[in-house]
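The sequence and the model come first.

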Amino acid sequence: MKVRKILQFLSNLLAGLLFTAAFFILFASTFAASLLENLPVLESSMQKQFGSDFVVEQIAKESGLTKEEIIRICSENPVQEGCDQINNPEKFSSQAIEKIEKQISPYKSIMDKLKSVMFLLFILSLVFYFFGTMSVYGSCFKLSVNALTSTILGFIALASLPGALPGIIDQGFEIASQDLPAGISSLKEEIAIIMIEWLEEPIEELRSLFLYILIFSLLSSIIFYFLKKKLDKSNKKSP
């Protein structure tokens, strides 16, 4: 009996780990795909925040020249340092977007390849939960509770994301700093606005996904709990 209980415990533990891994893959792949799909919003926000007027203003602060003088110099000598940023601000935002996309794309490709692994992990977790409970209803109940717990933790992670925004900003600046206008390192507020606009839709998609999973897992947990209890009662009554 002790050996059986130990094996059941190990089986349930392994099932929980497998399900958690599968849930993480679902979370990461959805988020990475949303970030890539939302890159046009990032580019538009960068062009809005760091357009020609912004570049002229930054150069004026550093050089001591007036905005009119800078515009006149760049019109007369377009190859002057900094003038390309003024005349073609879209070029630099596009280059920054390309760099960011290159940084994210490999992770999305990995996550896409892991989707088949994710489904396998879900199935294996259900199988090991069955070995741990020796009951179909019991295994489905444990799977539903695990999904409910993972979803709640996912909501907590999303809620803590704004607090991690400074680190995300620093990483984004490190990737794109060479293609952004001079003096940008001091403009954390503008960068924060860009990042918030970029992350808004992916975060909302994850919230919607978690909400659906939360409702489904909560209902299934209740249903399978009563089915399991009913089956246990019937087994106790049977000789």
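My entries follow, from the overall fold down to single residues.

**Ground rules.** I am working from a predicted model, where local features need pLDDT of at least 70 and side-chain atom pairs count only at pLDDT 80 or more, while totals for chains, interfaces and linings use all residues. Residues are numbered from 1 along each chain as its sequence is written, and side-chain values use heavy atoms, with hydrogens and water left out.

**Overall fold.** I counted secondary structure and got ten helices and zero strands. Helices here are DSSP runs of H or I, at least four residues, and strands are runs of E, at least two, numbered from the N terminus. I then looked up burial: 37% of the 239 residues of the chain count as buried. Buried means under 20% relative accessible area, exposed over 50%, and partly exposed in between, with a 1.4 Å probe and protein chains only. For contacts (heavy atoms within 4.5 Å), I took those with a separation of 6 or more, and 81% of them join residues 24 or more positions apart.

**Second largest pocket.** I noted a volume of about 290 Å³. A pocket, on a 1 Å grid over the protein atoms alone, is an open set of points where a 1.4 Å probe fits, with protein on both sides within 12 Å along at least five of seven lines; lining residues have an atom within 4 Å of a point. Grid points are joined across faces, edges and corners, and the volume is the space filled by probe spheres set on the points. The lining has 13 residues, and Phe-19, Phe-122, Leu-143, Ala-147 and Phe-216 lie nearest the centre. Which helix gives the most to this lining? H10 does, with five residues. H1 (2-37), H8 (136-160) and H10 (188-237) each supply at least two.

Ser-125 sits in H7 (residues 115-133) and is buried at 0% relative accessibility. Beyond four places in sequence, Ser-125 touches Ala-15, Leu-18, Phe-19 and Leu-143. Asn-146, in H8, is buried too, at 12%. Leaving out neighbours within four places, Asn-146 contacts Gly-16, Phe-19, Thr-20 and Tyr-129.

**H2.** I listed the buried residues of H2 (residues 39-49): Leu-39, Leu-42, Ser-45, Met-46 and Gln-49. They share one side of H2 because they cover an arc of only 120° around the axis, the arc being that of directions from the helix axis to the C-beta atoms. Exposed Pro-40 and Lys-48 are on the face turned away from that side.

**Salt bridge.** I found one salt bridge in the structure, the term being a side-chain nitrogen of Lys or Arg within 4 Å of a carboxyl oxygen of Asp or Glu. Arg-207 and Glu-204 make it, at 3.8 Å, N to O. Both lie in H10, three residues apart, about one turn of the helix. Arg-207 is partly exposed at 38%, and so is Glu-204 at 44%.

Most residues other than glycine have a negative phi. Met-134 has a positive one, about 55°, though it is not a glycine. I place Met-134 in the loop between H7 and H8, partly exposed at 47%.
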